Amino acid sequence: DALFMTVPTPSGLFDAGRPIVLGKQTLYSSGRLAGRWAHSTELALGLPQIADFMFNFPVLIKRNVFAATRRHIARHHNTTFDEAFRIIATDPESYCQINILLTYAWYFHRDEYKWHLASMPGSKGPMIDGTYNVPKVRVAAHARGLYRSQIQNYIRFGYCHACVATGNCLNATAQAQMWQLNSWRHVAILNWDHTGHVWDEGRWAGKNATAAWVQEQHYKAVRGVQHKWPVNVSVVLTRHFSYHHDCSNPDDSNKCLDPRKIIHKRDQDLLQYQGRDKGTEKFLAVCKLLYGAAGHTDAREAALEDKEQKSQRLIEELGTRGRLTNQQLIAPLGRPLVSP
């Protein structure tokens, strides 16, 4: 359920041969753990969870940690791993295997990894002075929770930032005029699970921990790998947002087969697409020029968006949404709005 948002590079995955680990620090607050799955992680290991690691992909964990973690859990619970796992699985907040494995790695294999853990209010010492909290670009993130228009935007953002940095955009004429795109912040690769909050530690850890410096270093590395785009990249970039799978959370246990739920999903999709902020709209307008025949692309998208608007008007004219049939909910592109 992950989506690549930029070009991955060796230096974005490994540091001097050590796997790079990104996380968001877990802190204790008023005697309670603050962080997802923190309780079940401590239940499993008998050690406080150091960070929530379910924000960056791919997750890189050395093989030796898997067996060592199982042995540690079995010893901690004084039973077999299978029986210990039954205990962990009863936690009402469920558990996260990635957090368990990397928390174990932090305590027993720390020097084998390069740690980039976002600080939190209350972080102290090496957790905020640049030792462990220097930001790092996320090459991929959860697609789960994203509407189709958001997925489309992330793909286009990634292409345009990378092609300007490397000088290999499909439209070379437009590329020569788009040098200013290098100054735009690529927010998606510098925030946490689509929150929009840019990860910047410059205030505490110095210039080399600012978001601007981290982004610059990433695209310097992208230029170094001499990345080339696949031959069908223009097809991917010019697709309408309705092509992509809807990864937002299902509205009901029937996978949105209820017509009213399907309409709700469609409304949310349109709102997400139409409600983009002015900065995003401006960047996308410039970005669109970089991937080929802009006139053809504009006409195609305009036609598809017109169909979307006509479909929306049909919904409004029919009045009571609960009376819509499944046939009336077929998308203009000839397929159901939500796959059964």
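This is a short tour of the structure, stop by stop, with something to select at each one.

**Start with the whole chain**

Keep in mind that you are looking at a predicted model. Show the protein chain as a cartoon and you will find 13 helices and eight strands. Now colour by burial: of the 340 residues in the chain, 45% are buried.

**Stop 1: helices 3 and 4**

Select residues 63–77, which form helix 3, together with residues 81–88, which form helix 4. How far apart are the axes of these two helices, and at what angle do they pack? The axes lie 9 Å apart, and the angle is about 75°. Helix 3 is therefore roughly perpendicular to helix 4, since angles of 65 to 115 degrees fall in that class.

Next, show side chains where the two helices meet. From helix 3, pick Arg 70, Ile 73, Ala 74 and His 77; from helix 4, pick Phe 81, Ala 84, Ile 87 and Ile 88. Sorted by class, this contact has six nonpolar residues, one polar and one charged.

**Stop 2: the disulfides**

Now display the cysteines. How many disulfides does the structure hold? There are two.

Begin with Cys 160 and Cys 287, whose sulfur atoms are joined at 1.8 Å. This link is right-handed, with 80° about the S-S bond. It ties together distant parts of the chain: Cys 160 sits in helix 6 (residues 148–166) and Cys 287 in helix 12 (residues 278–288), 127 residues apart. Are its two ends buried or exposed? Cys 160 has a relative accessible area of 0%, so it is buried. Cys 287 is at 1% relative accessibility, so it counts as buried too.

Move on to Cys 163 and Cys 169, where the sulfur atoms of the disulfide are 2.0 Å apart. With 85° about the S-S bond, this link is right-handed, and both of its cysteines are buried. Count the bonded cysteines in sequence order and the pairing reads 1-4, 2-3.

While the cysteines are on display, click on Cys 96 as well: its relative accessible area is 3%, so it is buried.

**Stop 3: Glu 201**

Select Glu 201, in the loop between helix 7 (172–175) and helix 8 (202–205). Why does Glu 201 count as buried? Its relative accessible area is 1%, and the cut-off for buried is under 20%.

Show what surrounds this residue. Beyond its neighbours within four places in sequence, Glu 201 is in contact with Leu 117, Ala 118, Ser 119, Asn 133, Pro 135, Gly 206 and Ala 209. Try the distance tool on one of these: the C-alpha atoms of Glu 201 and Ala 118 are 7.9 Å apart, although 83 residues separate them in sequence.

**Stop 4: Ser 242**

Finish in another loop, the one between helix 10 (233–237) and helix 11 (259–274), where you will find Ser 242. Ser 242 is buried because its relative accessibility is 5%. Which side chain does Ser 242 join through a polar contact? Select His 240: the two side chains are linked by a polar contact of 2.9 Å.

Definitions and conventions:
Residues numbered from 1 in each chain as written. Predicted model: local features only at pLDDT ≥ 70, side-chain atom pairs only at ≥ 80, totals over all residues. Heavy atoms only, no water. Helix = DSSP H or I, 4+ residues; strand = E, 2+ residues; numbered from the N terminus. Buried < 20%, exposed > 50% of the residue type's maximum accessible area, 1.4 Å probe, protein only. Polar contact = N/O pair within 3.5 Å; in protein donor to acceptor, adjacent residues only side chain to side chain. Axes fitted to C-alpha atoms, helices over the stretch in contact; angles between N-to-C directions. Parallel < 35°, antiparallel > 145°, perpendicular 65-115°, else oblique. Contact = heavy atoms within 4.5 Å. Nonpolar A, V, L, I, M, F, W, Y, C, P; charged D, E, K, R; others polar. Disulfide = S-S within 2.5 Å.
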